[in-house]
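Please keep the sequence and the coordinates in view while reading.

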Amino acid sequence: MSVMDDAREKWTGTINELTIGATKADGGTRTSVITIGGAAALPFMNFEGPTPRAPVVAMEIWDREPDDWAQPLVDVFGPVLKSPADWAKKCVEEFGAELLCLRLAGTHPDFGDASPAQAAEVVKSVLKAVGVPLIIWGSDHDEKDNEVLPRCSQAAAGERCLIGAVKEDNYKTLVASCLADGHTIIGLSPIDINIAKQINILVSEMGLPLNRIVMYPTTGALGYGLEYSQSIQERGRLAALGGDKIMSLPIICMVGQEAWRTKEARASLQEAPAWGDEATRGIYWEVATASSLLQAGSDILVMRHPAAVAAVKKTINELMVK
Amino acid sequence: MFVIGERINGMFTSIGDAILAKDPQPVRAMAEQQIVCGANALDVNVGTRVPKAERPAVMKWLVETTREVTDMCLAIDTPSLDIMRVGLDAACRKGTGMINSTTGHAEKLVAFMNLAKEFNASIIGLAIDENGVASTADAKVEIGMRVLAAAMEVGIATDRVYLDPITLPLNCAQDAPGIMLESIRQFKLLSDPAPHVVIGLSNLSQGATERGLINRAFLVMAVQAGLDASIHDPLDEELMNAMITAEVVLNKMIYSDSYLKAYRQR
């Protein structure tokens, strides 16, 4: 009788492990921390190698009340949208968030132009309100971010936050801050694997080691470039598992932002009667986007709607069963 | 590419002198330099300046001295079974070893394969047998097949076997490089997973002018043909840059603007 060949892949690389948050013992004030990475095989392929750490969901909160969020999001959070600290509390206490992503959208010169000092106060208020670890994200305005994020980094010194995002042509200021204040960093590349690798090299050359960097290869929602996101992530992960240490970094995806930007998630029942109930449509869009990206090896999914968060966490738990 | 640094060799003046003076410093320094420049393994060869009777002891000293600075794979470079054992014994106490090399001579093959098994070492098999250096691709591949069969016989996995088609100097056999490229392609088809293919690159340009250029041009072609290991001088920056670029051009590595630096950061 012939024996079938073992078709399992053998991988030589492992994704770096990275911890967000520092407890009192490590010089911070967090009551819990999150560790990601460690995968030594494609996601959930336990027969080929371990995925020791489950992907995590971070709930997105803002420093100002969003004025263009879809109604289901406004309805589910209610008045706390006006207070970042209360919003953070609600995410943790009511929706079980283990990680938060604070977007400093209100610091953008065109959308509030909050000062660096004001932004730092918001960071402090959120850190005080909850014990979970924090991702701090700027306003995607390079010059303003270079003023705001160093102040926020300082305000959160020792808390081992994940701060972003740096780009190929704008990284030195924030890398220096993260080095000084003990944080980890997000490197943004516009769906371009070559630039993703380049940023990792540039940041690590400044002295922030590769195991303190998370890659953000930018995210496309279902119907809006999801396939590109997925294939870029997969290619990077295959290179990493094949031994490319510069690519062996965890990946963060901005799922909520992208899913809730689509017309399918936002259109009212009146505008699109054939698309079904608008209260659930956006949630499904967010879940579908997140679930697909999990398969490409995403390590952090930043999401918005609590029902979508719960559904994706359930999926992760089911996928992690060995 | 798996680069086996060739510089810890008694044939080079600095190492030859260090061996005679029992001075560990130049050996350690050469090991460290090669690693910084991108070597994945280090070849260790006692050379010919010490009398034969002393070579086992010199191999032991040379390996142990190298081991003081790295636990990287060490390729013990000798045709002698006795010296090979001494070298592997010293190398495998901390880290892994590689046999450089066995020929396809039936008796030699069995003895060296057993040694590889004993020390859990990788092994290089040269395309040489009772009839001398195989001169055609067919003859090289036939010996390659025998090397693989001998490895399987004692239970050595194919991915620990490195087939070497044997490099002849360009200035005395100008058709040899073409035959080597064809052999590399065919070696890769011998099994699944494929065996590794290695060459001793510097032999190619032995005695020629433009040595560096000849080495660079051929290495790039050989990488395209499927070569995945090479014994050469990692301190030759232009050679290393050409090799890394060949791998990037062939999409074996993800490009980035700093890809040369990225390779060396590994």
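Asn251(B) counts as exposed because it has 8 C-beta neighbours inside 10 Å; a residue is called exposed if 12 or fewer other C-beta atoms lie within 10 Å of its own, buried if there are 20 or more, and partly exposed in between, with C-beta atoms placed from the backbone. The model is predicted, so local features need pLDDT of at least 70 and side-chain atom pairs count only at pLDDT 80 or more, while totals for chains, interfaces and linings use all residues. Residues are numbered from 1 along each chain as its sequence is written, and chains are lettered from A and ligands numbered from 1 in the order in which they are written.

Asn251(B) is not a glycine, yet its phi is positive, near 60 degrees. The residue sits in the loop between helix H9 (237-249) and helix H10 (259-265) of chain B; helices (H or I, at least four residues) and strands (E, at least two) are DSSP runs, numbered from the N terminus. Lys22(B), also a residue other than glycine, has a positive phi of about 50 degrees. Its loop connects helix H1 (13-21) with helix H2 (24-36) of chain B, and Lys22(B) counts as exposed because it has 9 C-beta neighbours inside 10 Å.

Two cis peptide bonds may be inspected next. In chain B, one joins Asp192(B) and Pro193(B), with omega about 5 degrees; Pro193(B) belongs to the loop between H7 and strand E9 (196-200). In chain A, one joins Gly164(A) and Ala165(A), with omega about 0 degrees, and Ala165(A) is part of strand E6 (residues 162-166).

Helix packing in chain B involves H6 (residues 137-154) and H7 (residues 176-187), whose axes are 9 Å apart at an angle of about 40 degrees. Axes here are lines fitted to C-alpha atoms, for helices over the stretch in contact, and angles run from 0 to 180 degrees between N-to-C directions. On the H6(B) side, Ala137(B), Lys140(B), Val141(B) and Gly144(B) meet residues of H7(B), including Ile179(B) and Phe187(B); contact requires C-beta atoms, placed from the backbone, within 7 Å.

In chain A, helix H2 (residues 84-93) has buried residues, among them Trp87(A), Cys91(A) and Val92(A). The buried residues of H2(A) pack against strand E3 (56-62), helix H1 (71-77), strand E4 (100-103) and helix H3 (116-129). Between the chains, 10 residues of chain B are in contact with 10 residues of chain A.

Conventions: Contact = placed C-beta atoms within 7 Å.
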